[in-house]
Amino acid sequence: MSAKHPIIAVTGSSGAGTTTTSMAFRKIFQQLNLHAAELEGDSFHRYTRPEMDAAIRKARDQGRHISYFGPEANDFTFLEQTFQEYGEHGRGRSRKYLHTYDEAVPYNQVPGTFTPWQPLPEPTDVLFYEGLHGGVVTPQHNVAKHVDLLVGVVPIVNLEWIQKLVRDTGERGHSREAVMDSVVRSMEDYITYLTPQFSRTHINFQRVPTVDTSNPFAAKAIPSHDESFVVIHFRGLDNIDYPYLLAMLQGSFISHINTLVVPGGKMGLAMELIMTPLVQCLMEGKKIG
């Protein structure tokens, strides 16, 4: 952790809603007049899409599984080094993984490839990471220890699968069968590398639908924010003003110690109200937990 060059990481599965959280943080940075360096977790994938497809086939032939959740498909070493370098010196490198044709065309590339590595802009006030592994820990790596504010975005698993299915079939051109195969193939890595991160976060946002999601693979639409609640759990934070949040977020309630439940439609507002003072503390060189 670094008081001079703080790092904020939003971690969660692809399709889990981390993008919504990122939008809230960008608004906070703008309000506080902060210049943030942004880092995408997909930048640290090892393989282009064709290379990953080949790696999946090879692993299947060997009776193994490989997924974007695990270390075989990601460079955890470079991710940790990047966090450490930014925390110490305010420097690092970034690139983009181009998921779709719309993303790839401006770079004159094809989907499923990377842009070249580029230095992060300098100077910046904070590093903002969004991706799969902002809090990952393995016997060889500890990314989480470099993060000053770690936020998890964790919808219940059926909702997460619905979001992934709708996005990957509608936006990325994958077949329903391919997405279902990806979910099954990824499960061991999901349990081993992704889930434990949410016990290291300072805050978890978990969206829970209030409509039937019993069969996520038959769903044709993602439940809306108004068709859900968001369970917000705080860990190791002593300066959360619960009375203020309850007053500002109508329809919210305390469900358990350190746990606030808000209507899904107020998720963005809740994030701004909760995160703004925490980001201010980081900018003042204070630890938040």
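**Start with the whole chain**

Colour the charged side chains: the chain has 26 positive and 31 negative ones, and the centres of the two sets lie 2 Å apart. Here Lys and Arg count as positive, Asp and Glu as negative, while His and the chain ends are not counted; each charge is placed at NZ of Lys, CZ of Arg, CG of Asp or CD of Glu.

This is a predicted model, where local features need pLDDT of at least 70, side-chain atom pairs count only at pLDDT 80 or more, and totals for chains, interfaces and linings use all residues. Residues are numbered from 1 along each chain as its sequence is written, and side-chain values use heavy atoms, leaving out hydrogens and water.

Switch to cartoon view, and you'll have eight helices and twelve strands to look through. These are DSSP runs numbered from the N terminus: helices are H or I with at least four residues, strands are E with at least two.

**Now zoom in**

Most residues other than glycine have a negative phi, and most peptide bonds are trans. Let's visit some exceptions.

Select E122 and P123: the peptide bond joining them is cis, with omega near -10°. P123 sits in the loop between β6 (118-119) and β7 (126-131).

Next, pick N108, in the loop between α4 (101-104) and β5 (113-114). Its phi is positive, near 60°. Is N108 buried or exposed? It counts as exposed, because its relative accessibility is 74%. (Buried means under 20% relative accessible area, exposed over 50%, partly exposed in between, with a 1.4 Å probe and protein chains only.)

Last stop: N258, in the loop between β11 (253-256) and β12 (259-263). Phi of N258 is positive too, near 65°, and at 33% relative accessibility this residue counts as partly exposed.
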